[in-house]
Amino acid sequence: MNQREELHEEFADRLIEQGLAEIAGNHRPPDLTARVLSAVHAPHYDHRRKATALRGLVLAATVALMVAVWLIDQARESTKRVAAVNLPRADTTVAPPPAPATTKEQLAVLVDEFNRLMNENRFDEAEIVYRRSAKVAPDELVVLQMKNTVKMVARTRKNSPIREPAEQGQFAALQSVEQSAAPFDDREPYEFGVLRGRYGEVDDDVRFLRHKGIVDQLYQIELSRIPTPDEPPILYPDRETWRLLTGRREKYLAALVGRDSLDGVRQAEQTAEQLKLPVTLNYKQSPLSQVISDLEKLSGIRMDLDEAGIAEVSIAMDVPVTLDLAQDVSLKSALRLILEPLHLSFVIKGDGLKISNARVCDEERLVIRRDRYSRILENPFLAALDHPLSTFSIDVDTASYAKVRRYLLEAGEMPPPDAVRIEELINYFDYDYAPPEDDAPFAAHVEVTACPWQLKHRLVRIGLKGREISAAARPAANLVFLLDVSGSMEPEDKLPRVRRAMRMLVEQLRENDRVAIVVYAAQSGVVLPSTTGFEKDRILAALDSLHAGGGTNGGDGIRLAYDIAQKNFQKDGVNRVILCTDGDFNVGTTSNAELERLIEERAKSGVFLTVLGFGMGNHNDELMEKLADKGNGNYGYVDSEAEARKLLVEQAGGTLVTIAKDVKLQLEFNPRLVGAYRLIGYEDRLLAAEDFNNDQKDAGEIGAGHTVTALYELIPAGQPVAVPPVDELKYQRPASLTEAAGGDELLMLKLKYKRPDGSQSLAPVVCTVHDAGQPFGAASADTQFAAAVAGFGLLLRDSQYKGDLTYDAVIEIASQAVGSNPHTRRAGFADLVRKARECATKP
Amino acid sequence: MHPLPGFGHSKGMAIASSKRPGDLAELVRTHQAGVWRYLRFLGADESLADDLTQETFVSVWKKPFVEHSSAATASYLRTVARNMFLMSLRRRKRQPMIERLEVAEEVWRRYTGEGDNDEWLDVLRDCLEALNGRARQAIDLSYHYSLSRAEIGRQLELSEDGVKSLLRRTRELLRRCIEQKQAS
């Protein structure tokens with residue numbers, strides 16, 4: 001085929017393609033009739049635009065000449081500039097146009113000229129022509145039209161240099177967003193320092209593209225941010241207007257926050273301003289108190305040294321300070337330079353400064369608390385006929401009580417309702433339940449009495465008591481301390497307290513026990529490999545060497561701790577990871593779900609978990625409770641040395657030695673006697689009825705000597721029930737009562753559990769319960785006290801089920817129960833309730 | 001800035017045209033589709049075809065012009081349009097390819113006949129109706145539903161190249177069909 005034939009083929013194919021587009025694609029030629037007609041009739045049609053260059057030049061010259069003539073005639077100031085620009089172009093050899101006779105003809109020439117200039121984008125000249133036209137016939141419609149055109153053109157010209165680059169920039173930014181979204185190969189996630197063979201190069205290319213895209217994007221965003229031109233210029237109002245505005249603003253602010261606090265804010269602002277004062281300091285081994293009082297005199301700012309706070313970090317008031325500044329620094333920087341090496345800080349308080357340790361200052365600055373709690377939805381009353389079974393897992397955690405105590409006593413404020421888990425309040429206290437007499441790991445005790453906040457209701461108390469194991473009989477322990485040493489752990493109530501708590505635990509260890517210490521921050525590492533109780537000194541020295549700093553990557557640390565625990569696994573012994581943290585995991589593999597999965601997986605190896613929470617401010621209560629739950633563990637909150645002693649010394653057996661795991665309770669209520677029931681607390685421990693017999697379903701653990709208490713509030717049959725009735729079923733008859741229901745059994749309790757190393761539940765323990773109609777006053781001290789604590793929880797949560805309960809009633813019940821009980825811990829409860837009463841009545 | 005259309009109409013400043021607009025309208029209505037198609041065929045994109053069609057009619061109308069026959073007019077319009085197209089190529093500094101355009105004109109005459117009517121399109125439509133099976137499907141998907149080759153390939157279980165050659169072969173088939181019908 002020669003070239004021409006090829007071309008022939010090409011065009012023939014194109015013709016068919018075009019025909020198909022028209023027939024099949026309905027791509028019809030447009031109707032251009034109107035367009036052609038208007039083009040033919042419009043006087044300024046394109047053919048003029050395409051006039052020869054010569055003609056354009058002549059015309060330009062003509063216009064310029066006309067303008068010049070007109071300029072002399074009119075001597076108009078505003079047009080001088082344009083004319084001056086155009087004058088050089090004027091060709092003097094061209095004769096001026098003949099003067100038109102009538103206004104109309106004159107106007108026609110001008111309009112034609114105007115159109116032509118507009119077509120040639122010579123807007124300035126067109127504007128002059130318009131001005132001339134306005135002279136000739138100011139009221140003509142066409143002149144008004146010219147005026148509008150000129151205006152519009154001017155506006156468009158002013159805007160376009162701004163709009164165009166902005167649009168371009170935006171477009172380019174979008175384009176680079178597109179580029180930066182280059183996909184990442186997730187099948188082989190990138191690991192630092194790991195060479196990838198041939199895939200590594202591909203990854204690098206993709207990464208390079210992404211990075212480049214992002215940089216381009218930033219650059220384009222920068223470009224597209226063309227500032228608004230200062231035209232018309234912003235006019236700032238005069239001083240007087242400003243003063244009025246400020247006055248009005250302050251008036252509203254004062255109404256909003258109250259006059260006093262406004263003064264405080266203003267003082268603080270002033271103080272902050274004064275801190276910018278430049279100072280030159282030169283001290284050699286001068287006492288701190290002297291330096292501060294010098295600065296006080298120099299600046300006129302009151303500086304309070306918080307002696308208690310400073311003593312807390314073992315700094316004396318006359319600690320020598322050396323500071324040699326070559327040049328002026330601000331007072332603020334000078335203070336930092338002096339205080340930071342001493343682990344001190346300062347905070348502005350009104351018209352002065354408070355100087356104390358870093359923690360105190362942080363707390364002063366802390367306005368918004370970041371503690372996190374999961375939502376608690378209280379269990380409702382359930383009709384015994386419709387829901388005969390109530391199933392739940394036990395819970396030996398006690399963290400909530402310590403948290404509540406810290407809110408009330410230290411912060412002096414009511415705890416958030418979701419921080420109050422009633423079962424943890426109740427289980428915080430010991431109860432004198434009899435331990436099991438036989439081999440069983442625990443004994444169950446049930447008591448029925450009147451409900452103190454709803455006297456017509458009945459209260460069922462179920463008490464479990466784990467078998468006691470004497471310290472001597474405790475099996476050998478293999479412990480791994482997993483300690484959070486991230487920067488957030490620095491305050492006094494965190495890492496230093498962790499150190500002291502772990503010390504208490506280590507003191508009790510025997511020679512055949514083992515301890516390893518793993519720390520985590522941004523990275524995790526083994527501080528102490530598994531070491532026996534022979535070398536307590538080494539363990540304690542390792543604890544003392546810890547210091548805080550860096551981010552928090554909990555995931556790796558957890559993995560490492562479990563690895564060590566498994567490596568040193570003690571058969572028939574205590575194998576446990578003890579995690580101490582403020583619960584703030586913020587780096588690495590720490591989607592919460594991932595952490596939970598990790599721990600759930602590792603718990604199967606037989607290693608148990610204890611989670612100890614420390615500190616306040618960014619405490620993640622929700623996550624820590626979940627982790628303990630998933631990791632076959634328990635969760636305590638250490639708000640004081642005393643609490644550490646309780647958890648790790650007095651109840652060390654319970655905390656360390658698990659005697660039964662996956663302990664589940666199921667109650668069946670007799671609908672002949674029970675109208676409705678409500679489980680108090682245990683909201684996040686509820687199980688489905690069928691989970692009771694499902695060994696796969698995880699539940700709570702019970703430690704040696706632990707007591708677990710659960711309360712049910714019952715509405716006896718025949719009393720009004722606040723439960724809306726369910727419609728009668730169409731296809732089923734309601735189950736009729738059995739013979740057993742005819743008796744006076746109130747309910748049946750079933751208990752299931754596994755041995756700590758078992759994977760199958762043992763046969764359930766079953767007992768039946770009768771209601772002897774006992775009044776509340778005749779109930780055991782344990783039951784009364786548990787009811788008081790539960791009532792306290794209802795009040796703190798401001799529960800809809802609190803009935804006519806008051807703080808005073810709680811104090812009264814509790815004080816009676818304390819009287820007959822040797823445990824001193826209960827005495828502190830009444831104080832806490834009093835404090836709550838005080839906080840609750842505060843505005 | 002664009003020119004301001006319609007501006008010169010007001011107040012008798014327009015240069016009154018001595019031509020008869022009624023006739024022009026008829027001329028445009030009769031021939032515009034052919035001219036537009038021809039321009040597209042030569043390689044003009046749609047908006048250029050719009051512009052050049054307009055310029056073609058305007059330029060024809062500005063010169064003394066007698067209509068002998070519809071076919072002659074169509075041929076004349078085509079010549080003007082071709083020149084317009086050549087000029088537009090020159091204006092854009094593209095190498096005008098006279099030889100290409102000659103071949104194009106040859107092909108155009110060969111398949112559309114001398115007249116400026118839609119007859120060849122009707123023929124093509126008949127040929128298309130006769131088509132069936134995958135070839136017809138491919139044409140519909142491509143020209144009616146404007147699907148990409150990849151999408152068509154997915155529906156017809158063909159590779160992209162397969163779709164491309166199927167479409168090309170089908171177009172060839174249609175061309176033979178037109179040739180046959182015109183011969184008979």
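The following dialogue explains several terms as they apply to this predicted model.

Guide: Residues are numbered from 1 along each chain as its sequence is written, and chains are lettered from A in the order in which they are written. In this predicted model, local features need pLDDT of at least 70, side-chain atom pairs count only at pLDDT 80 or more, and totals for chains, interfaces and linings use all residues, while side-chain values use heavy atoms, without hydrogens and water.

Visitor: Why is Thr56(B) called buried?

Guide: Buried means under 20% relative accessible area, exposed over 50%, and partly exposed in between, with a 1.4 Å probe and protein chains only. Thr56(B) has a relative accessible area of 0%, and is therefore buried. Thr56(B) lies in helix α2 (residues 46-62) of chain B; helices are DSSP runs of H or I with at least four residues, strands are runs of E with at least two, and both are numbered from the N terminus.

Visitor: What makes Leu540(A) buried?

Guide: Its relative accessible area is 13%, and the limit is under 20%. Leu540(A) is therefore buried. This residue belongs to helix α19 (residues 536-544) of chain A.

Visitor: Which residues are in contact with Leu540(A), leaving aside its neighbours within four places in sequence?

Guide: Contact means heavy atoms within 4.5 Å. On that basis Leu540(A) is in contact with Arg503(A), Val506(A) and Glu507(A). Leu540(A) and Glu507(A) are 33 residues apart in sequence and 9.0 Å apart in space, C-alpha to C-alpha.

Visitor: What makes a set of residues a nonpolar core?

Guide: The members must be buried Ala, Val, Leu, Ile, Met, Phe, Trp, Tyr or Cys residues, joined through side-chain atoms within 4.5 Å. The largest such core has 66 residues, and Met502(A) is one of those that touch the most other members. Helix α18 (residues 495-507) of chain A gives the most to this core, with seven residues. Beyond residues up to four places away in sequence, Met502(A) touches Phe481(A), Leu483(A), Leu543(A), Ile578(A), Cys580(A), Leu612(A) and Leu648(A).

Visitor: How is the packing of α6(B) and α7(B) described?

Guide: Two packed helices are described by the angle between their axes and the distance between the axes. Axes are lines fitted to C-alpha atoms, for helices over the stretch in contact, and angles run from 0 to 180 degrees between N-to-C directions. For helix α6 (residues 133-144) and helix α7 (residues 149-156) of chain B, the angle is about 145° and the axes are 10 Å apart. Among the residues that meet are Leu141(B) in α6(B) and Ile152(B) in α7(B).
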